Protein chains: 2
Amino acid sequence: MTASALRDFSRLCLHTMTTKPWSIETAIARYAAAGVKGITVWRQWLDGKDPKGVGQMARDAGLEIVSYCRGGFFPARDRQGQQAAIDDNRMIIDEAEALGTQLIVLVCGAVPGQPLSDSRGQIRDGIGAVLDHARSAGIRLGIEPLHPMYADERSAINTIRQANDLSDFLQDPLVGVVVDVYHLWWDPDLQKEIRRAGQAGRLFAFHICDWLTPTEDLLNDRGLMGDGCINLREIRGWVEDAGFKGFNEVEIFSNRWWQQDQDVFLEAIKKAYLAVS
Amino acid sequence: MTASALRDFSRLCLHTMTTKPWSIETAIARYAAAGVKGITVWRQWLDGKDPKGVGQMARDAGLEIVSYCRGGFFPARDRQGQQAAIDDNRMIIDEAEALGTQLIVLVCGAVPGQPLSDSRGQIRDGIGAVLDHARSAGIRLGIEPLHPMYADERSAINTIRQANDLSDFLQDPLVGVVVDVYHLWWDPDLQKEIRRAGQAGRLFAFHICDWLTPTEDLLNDRGLMGDGCINLREIRGWVEDAGFKGFNEVEIFSNRWWQQDQDVFLEAIKKAYLAVS
């Protein structure tokens, strides 16, 4: 069922990448002042910082740290590269724990020219290899299927069905699925697979933005909600019908918006959030 | 099974769009001189021409007209638009018959913001509405699933499974599937669905090029075979194992290559065709 309009910002979360020009300190202060309630922290925002201190700063400002972006990138051409990825993911788990979030978003990875089936096996093995570490830290791992246009070098997991299948295989309550409308809106199986994820108790996160026509850049031309063609409210309805009660996370990579005043952008996000999300 | 290398050009076909700077007369002459055996004619190459005359010219030069590109674009916001698309597809069928080819490639269409489920229904109805006309002309209609990054305005049919399902629904030997590696290489179901299309006798055409990393333009940055990450020879093996004996059609949209001398491009295509396709 199509969801009803959102009436307040109690479930609004922003990714620090959405307001890329802002430092973590600025993002926390501005989000909180704007009434945003959640923040998803991208790893590069912690460069040179103490994750524990950043986490405390966010909580003191009234923000919940919804997730940490991003782990994954498991595939590599050789054993050494694969082990390095596993080691890196263990560090990411430690950082997430220090930050005080319970979810890491996995962008699973791919290597151009390496068979996707090989990469998919390495992703499965890589997640499996860090599960014990995640468990001891109390951190969940959300597999985010990426749009097929990123299958060359960002993720060999390109549909929610693959993410569900992989979660089934790993059979661990710590492993689940992240639904990002930008990656998945086109999929004829989307509603069915969201329901499947919900029934398995593994619908971990929900990311929103929009698909622009035309899209001028494969990476950084995402649209503000309502500026594109994604059936946002319908998909949110599917996610909520599947039992999801978490945050609606605004994740917009946009060269256009990053060139604007970020306070103006944040106000536009809030307006679009209530009007169309 | 991965296919063995191609040893000659007896199954090499080029799309006129691949050598965009060339007129139809030049394309026919140059392809024939290069030993290419097939040509797929895009509709705009017939602007102001007599299709029958063009067809004769191609055959006189020793070229088989493998297909006519492109019909489809059935979805529209209102009945009038949908009817206009159906009428246009009947004209396209007439043109294909005059040209002397037996296959039309369908790029099915989509309307930004219109629910994909609506567009999918209109595509099903649109193909159904032109089937009698296609039958009387002896023309087959090949549904080409397009990459999900074109789901906003080019095609609501984005996987080969959808094309197979739609063909099952329409239950007509004139309706089948066109496999283009650019659109489908990422799909974990690709091998299975190619087999399914073959078993149903509906594997109508096979298009090749490559996926570049990075891809800098969503439309016109396709790569020459071997310059990207697609498992070309493996997919050709799947297609041939499924019983396909037709042409390998080179369909490359590339701003880079279109800026080069097209004779040099054609030689590069021939070389890559034998080396990696």
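Predicted model: local features only at pLDDT ≥ 70, side-chain atom pairs only at ≥ 80, totals over all residues.
**Entry: the contact between chains.** I started where chain A touches chain B. The contact draws 20 residues from chain A and 20 residues from chain B. I then sorted the chain A side by class and got 11 nonpolar, seven polar and two charged residues.

**Entry: how the copies are related.** Next I laid chain A on chain B. A turn of 180° with a shift of 0.0 Å along the axis does it, and the RMSD is 0.0 Å. So the two copies are related as by a two-fold rotation axis. I also asked myself: through which surface do the copies meet? The copies use the same surface, because 100% of the interface residues of chain A are also interface residues in chain B.

**Entry: H2 and H3 in chain A.** Then I looked inside chain A. Helix H2 (residues 51-60) and helix H3 (residues 79-99) have axes that come within 7 Å and cross at roughly 40°. I noted the crossing of H2(A) and H3(A) as right-handed. On the H2(A) side I found A:Pro51, A:Lys52, A:Val54 and A:Gly55, and they meet A:Glu95, A:Ala98 and A:Leu99 in H3(A). By class, that contact holds four nonpolar, one polar and two charged residues.

**Entry: H2 and H3 in chain B.** The axes of H2 (residues 51-60) and H3 (residues 79-99) of chain B are 7 Å apart, at an angle of about 40°. H2(B) and H3(B) cross in a right-handed way. Here B:Pro51, B:Lys52, B:Val54 and B:Gly55 of H2(B) touch B:Glu95, B:Ala98 and B:Leu99 of H3(B). I sorted the residues of this contact into four nonpolar, one polar and two charged.

Terms used: Residues numbered from 1 in each chain as written. Chains lettered and ligands numbered in written order. Contact = placed C-beta atoms within 7 Å. Nonpolar A, V, L, I, M, F, W, Y, C, P; charged D, E, K, R; others polar. Axes fitted to C-alpha atoms, helices over the stretch in contact; angles between N-to-C directions. Helix = DSSP H or I, 4+ residues; strand = E, 2+ residues; numbered from the N terminus. Left-handed = near helix turned anticlockwise from the far one by under 90°. Least-squares fit on C-alpha atoms with pLDDT ≥ 70 in both.
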